[in-house]
Structure formats: structure tokens, C-alpha cells
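Let's take a walk through this one together, a stop at a time. Open the viewer and keep the sequence alongside.

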Amino acid sequence: MSDASYRDAIFSTPLDKVARFSFDERVVACFPDMIRRSVPGYGQILAMLGPLARRHLRHGGLVLDLGCSLGASGLALASQLPVDAFCYVGIDLSPAMVERARHTLSEEYPDHNMRVEQGDLRQLVFPAADMIVINFTLQFLDPDERDQVLKQAFNALSTGGVLVLSEKIVDADEQDNAWLVERYHDFKRANGYSDLEICQKRTALENVMVPDSLDTHHQRLARVGFPRSLTWFQYLNFASMIAFKEPA
Ligand code: GEK
């Protein structure tokens, strides 16, 4: 596959039947463009990973990136931290994502200790880590499977370690939620998506991506063992949280 990142035009023509969204070769080819134009705050969240690692990672500690796609978190960390500051392991279910992520990381940062493995984070035995990043991936798991994955993340973290969890969210208040969704569609239009693309993508993601409210997230984080968590970033209906595994 070529290294070029194409413009996302997957839903630009009318489709008789909109298929369920999947992370296949077509999506991989335009993924950097798609996520940048579809996720408010994506770049800002990535840009904060360096400062968060500087604050919470011990020297040379492991950053585990679950649902890493093309390894954007690894690239962001490598652009900000020296070679010996951290190790990075990315995990993703999609073989097409993994293949391309491996290629990009080794091309762009050959001297950093970063690798990507194909795997299902619902079945993974998590390695011990100092920082775990789950950016926009928990939302793709069945809601019943989310506790178990976060419990594993909690168990895998060293004391003093942190989980960074970024997600699309729903607002519990129906009126506020509707307003946020409308402004999100404005955000997508401003980034060049047509009404047809917005509508067809929405259909494709129905039942594939099921967002929770911020309250549900923080309650889940507490339930699996994190004594403290907070929302450090929100842009419309997209948010990033940090959960701390502190000494008892
Ligand atoms: C980024 N974090 O660029 N196990 C492992 N991976 C999975 C699973 C699973 N069970 N289910 C879905 N995925 C990235 C962006 S994208 C978000 C994450 C989006 C993977 C899936 O293959 C895809 O690569 C990723 O989760 C979600 O910072 O596309 O909105």
C-alpha cells in the first residue's frame, strides 16, 4: 500500500444500502484525513500526550495504546520525547491498520522503541504499563465488555500510572445533547463534509459505535478501581479523561 493519505470520500456518493462501518483497507487509506476532519480536538489531545507522559511516566516506562489505528499516539510521543524516555506498544484489531502503522513508525522514528501488534483488546493479556491510552476505541466495544477491558487496564498499570481515555460522548440531557450533535454536524460541514456524507456515515456507525455519557465513564472508572478521574478536555460531544492509579 502507498504511504499517501487520501481524502476521505467514502460516503460522498449516494449508497443504496449503507454498510456497517469497518476498519478495512479503504478506511485505512484515508484514515488520517478522516479522523482529523471528524473528531473535534483530536490534534489537541495528541499534542498533550507528551506533557502527560513527562508528568506521569517514569523514565523508559511503557505506554500501551489500545486501538492504536495508525499509531498516532506513538508518533505524537516520539515527536516530543527523546528516544530513551519511553517504550510504546500499540494494539489494534485491524490487520490493515497494523501493517500501515508498523511501516509509518519505523520510517518516521526508526530509533524509538515502538512496536505495533495485531490483537483484540477484549482478549489481550495486558503487559505492565505506566501509561495506557485508549483514544476513541472503547466506544466501539459492546457496552457490556467495557468494564472488563478497563479493569484489565487498571490491573496492568503501575502505581502512579495513568489511563488517558478519549471518547465521543452523549449528554444525558436530551436538549443539550441535540444541540451538541447539531454543532458537531456544523463542525463536519466546516471541514468539508456534505450533508449526504454526514448522514450516511451516521447510518454506518449506528450500533457499531455506542457512546456513553461522561457520568457513565467516571462511574465505570471508579467501579474498576481508579480512585480518581477527571475530564481534562472537551470539545462539543468529544472528551478526554484521565484516571489515576494512586498509592492506596
Ligand atoms: C488514534 N486511537 O488515531 N480490539 C482492538 N482494536 C479495536 C477493537 C478491538 N476489539 N475494536 C476496534 N478497534 C486511534 C483512533 S479508531 C477511532 C482509534 C475511530 C480499533 C479499530 O480497528 C480502529 O483502528 C480503532 O479501534 C478505533 O488515536 O475511528 O473513530
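Start at V39, which sits in the loop between α1 (25–38) and α2 (42–56). Keep in mind as you look around that this is a predicted model. Is V39 buried or exposed? With a relative accessibility of 10%, V39 falls under the 20% limit, so it counts as buried. Now find F187. Along the sequence V39 and F187 are 148 residues apart, yet their C-alpha atoms are 9.1 Å apart in space. Hold on to F187, since we'll come back to it when we get to the aromatic rings.

Next, the ligand. How many residues surround the ligand? There are 21 of them, and the closest are Y42, G67, S69, D92 and N135. Sorted by class, that shell is made up of twelve nonpolar, six polar and three charged residues.

At G67, a polar backbone atom is 2.8 Å from a ligand nitrogen. N135 also uses its backbone: an N or O atom there lies 2.9 Å from a nitrogen of the ligand. How much of the ligand does the protein cover? On its own the ligand has 660 Å² of accessible area, and the protein covers 94% of that.

While you're here, take a look at S69, one of the closest residues to the ligand. S69 is in the loop between β1 (61–66) and α3 (72–80), and its relative accessible area of 13% makes it buried. Check its backbone too: phi of S69 is near 50 degrees, which is a positive value in a residue other than glycine.

F136 has a backbone of that kind as well, with a positive phi of about 60 degrees although it is not a glycine. You'll find F136 in the loop between β4 and α5, and at 8% relative accessibility F136 is buried. That residue also takes us to the aromatic rings.

Search the whole structure and you get six aromatic pairs. One of them joins F136 and F238: the ring centres are 6.2 Å apart and the planes meet at 55 degrees, so this pair is tilted. Why does this pair tie together separate parts of the chain? F136 belongs to the loop between β4 (129–135) and α5 (143–156) while F238 is in strand β7 (residues 238–244), so the pair bridges parts that are 102 residues apart in sequence. F238 is buried too, with a relative accessible area of 4%.

Now compare the rings of F187 and Y235. Their centres are 5.7 Å apart and their planes are at 80 degrees, so here the pair is edge-to-face. This pair also links distant parts of the chain, with F187 in helix α6 (residues 174–190) and Y235 in strand β6 (residues 228–235), 48 residues apart. What about their exposure? F187 is buried at a relative accessible area of 15%, whereas Y235, at 33%, is partly exposed.

Back in strand β6 you'll find R228, whose charged end sits over the ring of F244, 4.0 Å from the ring centre. R228 counts as partly exposed, at 38% relative accessibility. A lysine does something along these lines elsewhere: the charged end of K245 sits over the ring of F154, 4.3 Å from its centre. For a sense of distance, go from R228 to V208: they are 20 residues apart in sequence, and their C-alpha atoms are 29 Å apart in space.

One last stop, A172, in the loop between β5 (157–168) and α6. Buried or exposed, would you say, for A172? A172 is exposed, because its relative accessible area is 77%, and the cut-off for exposed is over 50%. From A172 to Q139 you cover 33 residues in sequence and 16 Å in space, C-alpha to C-alpha.

Technical notes. Residues numbered from 1 in each chain as written. Predicted model: local features only at pLDDT ≥ 70, side-chain atom pairs only at ≥ 80, totals over all residues. Heavy atoms only, no water. Near = heavy atom within 4 Å. Polar contact = N/O pair within 3.5 Å; in protein donor to acceptor, adjacent residues only side chain to side chain. Areas by Shrake-Rupley, 256 points an atom, 1.4 Å probe, with all protein chains shown as cover. Nonpolar A, V, L, I, M, F, W, Y, C, P; charged D, E, K, R; others polar. Phe/Tyr/Trp six-rings, centres within 6.5 Å; stacked < 30°, edge-to-face > 60°. Helix = DSSP H or I, 4+ residues; strand = E, 2+ residues; numbered from the N terminus. Buried < 20%, exposed > 50% of the residue type's maximum accessible area, 1.4 Å probe, protein only. Lys NZ or Arg CZ within 6 Å of the ring centre and 35° of its normal.
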